[in-house]
Amino acid sequence: MIEVNDIHKSFGDTHILKGVTTSFSKGKTNLIIGQSGSGKTVFLKCLLGLFTPEQGSISYDGKIYSEMTDEEKRNLRQEIGMVFQGSALFDSMTVEGNVKFPLEMFTKQSQSEMQDRADFVLKRVNLVDAHHKYPSEISGGMQKRVAIARAIVMNPKYLFCDEPNSGLDPKTAIVIDNLIQEITEEYDITTVINTHDMNSVMEIGKKILFLKDGLKAWEGTNKEIFKTENETVTDFVYSSDLFKKVRQMYIEERN
Ligand SMILES: Nc1ncnc2c1ncn2[C@@H]1O[C@H](COP(=O)(O)OP(=O)(O)OP(=O)(O)O)[C@@H](O)[C@H]1O
């Protein structure tokens, strides 16, 4: 579980995060949504320890980050898996090389242990025939699977995904969303996903944090977001007339 308590982050005189308090549970897909520039990436970078908030605290399973020793921070980093926007695979390495990379960097495992683990995670993301291919030889959806396999190869407690669906067609995006959700539940990971994708919000938003101008404007589940009367949320989520009509029909059907 990750608990965020009143974090503030500024760049120079510009106050970006203005006191955000929330928590993200284990075994759940937690989504961060909000307009461009609302502070989602800055927030995610604070969770990753890449930015230090000037005020407030972030704790990982009860341990406050700013109070950790350097060694505890290093250990925490190894418990974090990251799926970057655009996959961020190493082009010069095969699929298998990409997946083994964190094991080679951070563990003392033997070649056969690394091979077993790489085989296991590649199978888990349903990639069995791509071990020796290069990223340029596989589709965007397959690249995402490799990125997910690499992110979970170290058995992380926390998984952060930045726009995991960017560049994917809607059908592949749903497959990737479902894969992230299954893995999150199966391995009891605290997963936090930064997204613009409303399909993801509806499909896997077990907890949704809506940021606006650096503040928490709303939080709740995908079921609650359908029913909320909060105008800031409805304006954002149901920005198209089609979505507004669908929501109206849904509410009328339920009444
Ligand atoms: N390193 C930085 N230095 C100065 N300003 C920054 C830095 N990183 C982000 N910002 C500013 O913080 C604000 C929020 O940016 P952020 O990238 O978090 O938005 P976002 O909600 O993730 O947007 P998008 O959905 O477009 O990715 C923006 O005004 C941005 O210019």
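This is a predicted model: local features need pLDDT of at least 70, side-chain atom pairs count only at pLDDT 80 or more; totals for chains, interfaces and linings use all residues.

Trainee: How do you know that domain 1 and domain 2 are in contact?
Mentor: Two residues are in contact if their C-beta atoms, placed from the backbone, lie within 7 Å. By that rule, eleven residues of domain 1 are in contact with nine residues of domain 2. Helix α6 (residues 170-186) supplies the largest share of the domain 1 side, six residues. Helices (H or I, at least four residues) and strands (E, at least two) are DSSP runs, numbered from the N terminus.

Trainee: What classes of residue make up the side of domain 1 that touches domain 2?
Mentor: That side has eight nonpolar, three polar and no charged residues. Here Ala, Val, Leu, Ile, Met, Phe, Trp, Tyr, Cys and Pro count as nonpolar, Asp, Glu, Lys and Arg as charged, and the others, Gly among them, as polar.

Trainee: What makes a group of residues a nonpolar core?
Mentor: The members must be buried Ala, Val, Leu, Ile, Met, Phe, Trp, Tyr and Cys residues joined through C-beta atoms within 7 Å. A residue is buried if 20 or more other C-beta atoms lie within 10 Å of its own, exposed if 12 or fewer, and partly exposed in between, with C-beta atoms placed from the backbone. The largest such core has 51 residues, and those with the most contacts inside it are Phe43, Val99, Val121, Ile148 and Ala149. Helix α5 (residues 140-152) gives the most to this core, six residues.

Trainee: Why is Phe51 called partly exposed?
Mentor: Phe51 has 18 C-beta neighbours inside 10 Å, so it counts as partly exposed. Phe51 sits in the loop between α1 (40-47) and β4 (55-60). Beyond the residues up to four places away in sequence, Phe51 touches Lys9, Val42, Lys45 and Cys46.

Trainee: And why is Asn155 called exposed?
Mentor: Asn155 has 12 C-beta neighbours inside 10 Å, so it counts as exposed. Asn155 lies in the loop between α5 and β7 (158-162). Asn155 also has a positive phi of about 60 degrees, although it is not a glycine. Most residues other than glycine have a negative phi.

Trainee: Which residues surround the ligand?
Mentor: They are Phe11, Ile16, Gly34, Ser36, Gly37, Ser38, Gly39, Lys40, Thr41 and Val42. A residue is near a molecule if its C-beta atom, placed from the backbone, lies within 6 Å of it. By class, this shell has three nonpolar, six polar and one charged residues.

Trainee: Last one: why is the chain called as compact as a globular protein of its length?
Mentor: The chain has ten helices and ten strands. Its radius of gyration is 19 Å, close to the 18 Å that the globule rule gives for 255 residues, so the chain is as compact as a globular protein of that length. The radius is taken over C-alpha atoms, and the rule is 2.2 Å times the number of residues to the power 0.38.

Key
Residues are numbered from 1 along each chain as its sequence is written.
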